[in-house]
Amino acid sequence: AEAALGNPGTSGYVLTSTTSGTRSWAANGGSVADGSITLAKLGSDVGKCRAWVNFNGTGTVAIRAALNVSSITDNATGDYTVNFTSALPDENYSAVGTTVGKPGEVFFVVIRTETFGSGSPTLMSTTQCRLVTANPSNQSTYDVNTVCVSFSR
């Protein structure tokens, strides 16, 4: 009996079971010994969204919805720290953000690499990430009504 995974005629694999009970994999028409192929598990721990947040960045900062974000710290105008509920695996994550403002307003989200004017590094950490919302035309920071940021690793 044979059970096909994918399309065995092109790039798939076929698991063959003989009457004696031995099993072997055949890939692209070739034979592969039992146990020498490792299939990736679904739900791998790499490439997941580890945290995300949608928050009001004006007035009293408030989280609208979030995953693995415990709070937002309002450091100054357009300057926020996202605090994670559970630490991320390491500091090698990707942070992507968007903003929503009034019609005609354009703002962007930047991950902070230093505290303004001090030269002191504010690096991404496993427990928090500092970011700013700014106007691209003059580089000034602004409080924006809606800030959305996701963190993947």
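**A short tour of an all-strand chain**

Hi everyone, let me start with contacts, meaning heavy atoms within 4.5 Å: among those in the protein chain between residues at least 6 apart in sequence, 50% join residues at least 24 apart. A quick word on the ground rules. This is a predicted model, where local features need pLDDT of at least 70 and side-chain atom pairs count only at pLDDT 80 or more, while totals for chains, interfaces and linings use all residues. Residues are numbered from 1 along each chain as its sequence is written, and side-chain values use heavy atoms, leaving out hydrogens and water.

So what is the chain made of? The protein chain has 0 helices and 12 strands. Helices (H or I, at least four residues) and strands (E, at least two) are DSSP runs, numbered from the N terminus.

Let's look at the sheets. Two strands pair if DSSP finds at least two bridges between them. E10 is joined to strand E11 (residues 128–134) by 4 bridges, and the two run antiparallel.

Another open sheet of 4 strands runs in the order E6-E5-E12-E9, and its pairing is antiparallel. Here strand E6 (62–67) and strand E9 (94–100) are at the edges; each has a single partner strand, so one side of each is left without a neighbour in the sheet. The twist in this sheet averages 15° from one strand to the next. E9 pairs with strand E12 (residues 146–152) over 7 bridges in the antiparallel sense, and the bridge partner of Thr98 in E12 is Cys148.

Cys129 is buried, with a relative accessible area of 0%, whereas Cys148 is partly exposed at 22%. Buried means under 20% relative accessible area, exposed over 50%, and partly exposed in between (1.4 Å probe, protein chains only). Buried residues make up 27% of the 153 residues in the protein chain.

A pair of aromatic rings is described by the distance of the centres and the angle of the planes. Rings of Phe, Tyr and Trp (its six-membered ring) pair if their centres lie within 6.5 Å; planes under 30 degrees apart count as stacked, over 60 as edge-to-face and the rest as tilted. The structure holds 4 aromatic pairs. One of them is Phe84 with Phe151, edge-to-face, at 4.9 Å centre to centre and 80° between the planes. Phe84 sits in strand E8 and Phe151 in strand E12, 67 residues apart, so this pair links distant parts of the chain. Phe84 is buried at 7% relative accessible area, and Phe151 is buried at 0%. The rings of Tyr93 and Phe151 have centres 5.9 Å apart and planes at 75°, so that pair is edge-to-face too. Together, Phe84, Tyr93 and Phe151 form one aromatic cluster.

Conventions:
Axes fitted to C-alpha atoms, helices over the stretch in contact; angles between N-to-C directions.
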